[in-house]
Structure formats: structure tokens, C-alpha cells
Amino acid sequence: MNDFRYRMAKFFNGRTGVDALGRTFTWLALILMFLTMITHSNIVYLLAMGCLIYSIWRMFSKNYQKRYNENAIFLAKTAGIRSKLSVLPFKIRTFFNKTKAEYNQRKVYSIFKCPSCKQKLRAPKGRGRIQVTCSKCHSVFIKKV
Ligand SMILES: [Zn+2]
């Protein structure tokens, strides 16, 4: 077993291994393979294989310096996209929280628009016909809540 590990370590010594660029191509290959299952497209399948072969070839490449530079260029070029993607889960969570808060509000408040300026307004539910003064344009109207 130790011999096997030693041989593996020796084999990977001086090789690129898995870096960000390689990982991206592995993910790309997986996504494309998934798309192949849906679309049954030969082109998508070939692209998936191409990505997979490229990511494996990168892993075993002995030209570490060149691979390192490629990875550095890749990281620099995708810095903007990656920072946007990293805040995406946060944005999705904020969106859901907002929707949930609005839903909870709808149980207690009646939400409607001002007839003259379309400003979103709210009033406690179950009060019957009330006189509403718009907070934006100060127009007065009757609303059943
Ligand atoms: Zn108004």
C-alpha cells in the first residue's frame, strides 16, 4: 500500500495536478454531459469529452510553469465573473427573504396602489372601508381593506 502511495506521489511529482482552470473544465464537462443526456446532441457530447480530456491532460501535464501561467491568466480574466458568482447565493437568499417577508405582510396588511401615482401602500386588514391618504402624492381615496 505504501509502495502504491509512493509511486502515486512520484507520478504526480512535478505535474500540474488540479488547479482552478482544470476544475472549471471538469465542471464544464459534467454540465455538458448532463446536457448530452437531455439533448442527445453529438456536438455537446464531443465538447464534454473535449473538456474532460483537456482537464485530465492538464492534471498530468509536466509543463508546470506553462500550466501555472494559463491558470493565472484564467483567474485574472474571470475575476469579475467569479466575484459576481460568489455573491449570487447571497442575492438569491435576500430575494427569497424579501418575498417571504412580503408574503407574511400580506396576511396582516392589505397591499394596494395609489390610484393617482401608483405608489405601493399598505393598511391593516379587516378594517372595512377606510380613508387612505397617499404617503407620496397626498391624494385621498376610499379603500376597502
Ligand atoms: Zn399617490
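Me: How are H2 and H4 oriented to each other, roughly parallel or roughly perpendicular?
Reply: H2 and H4 are roughly perpendicular to each other, a label for angles of 65 to 115 degrees. This is a predicted model, where local features need pLDDT of at least 70, side-chain atom pairs count only at pLDDT 80 or more, and totals for chains, interfaces and linings use all residues. Residues are numbered from 1 along each chain as its sequence is written, and side-chain values use heavy atoms, without hydrogens and water.

Me: Within how many Å do the axes of H2 and H4 come?
Reply: The axes of H2 (residues 20–39) and H4 (residues 64–77) come within 8 Å and cross at roughly 70 degrees. Axes are lines fitted to C-alpha atoms, for helices over the stretch in contact, with angles from 0 to 180 degrees between N-to-C directions.

Me: And which residues of H2 and H4 meet?
Reply: From H2, Ala20, Leu21 and Thr24 meet Glu70, Asn71, Phe74 and Leu75 of H4; contact means heavy atoms within 4.5 Å.

Me: New topic: what elements does the chain have?
Reply: There are five helices and four strands, as DSSP runs (helices H or I, at least four residues; strands E, at least two) numbered from the N terminus. The order from the N terminus is α-α-α-α-α-β-β-β-β.

Me: How is the chain divided into domains?
Reply: Domain 1 covers 2–77 and domain 2 covers 109–144, with bounds from an automatic or database domain assignment. Their centres, taken over C-alpha atoms, are 59 Å apart.

Me: What box do the C-alpha atoms fill?
Reply: Along the principal axes, the box is roughly 85 × 35 × 35 Å.

Terms used. Angles under 35 degrees count as roughly parallel, over 145 as roughly antiparallel, 65 to 115 as roughly perpendicular and the rest as oblique.
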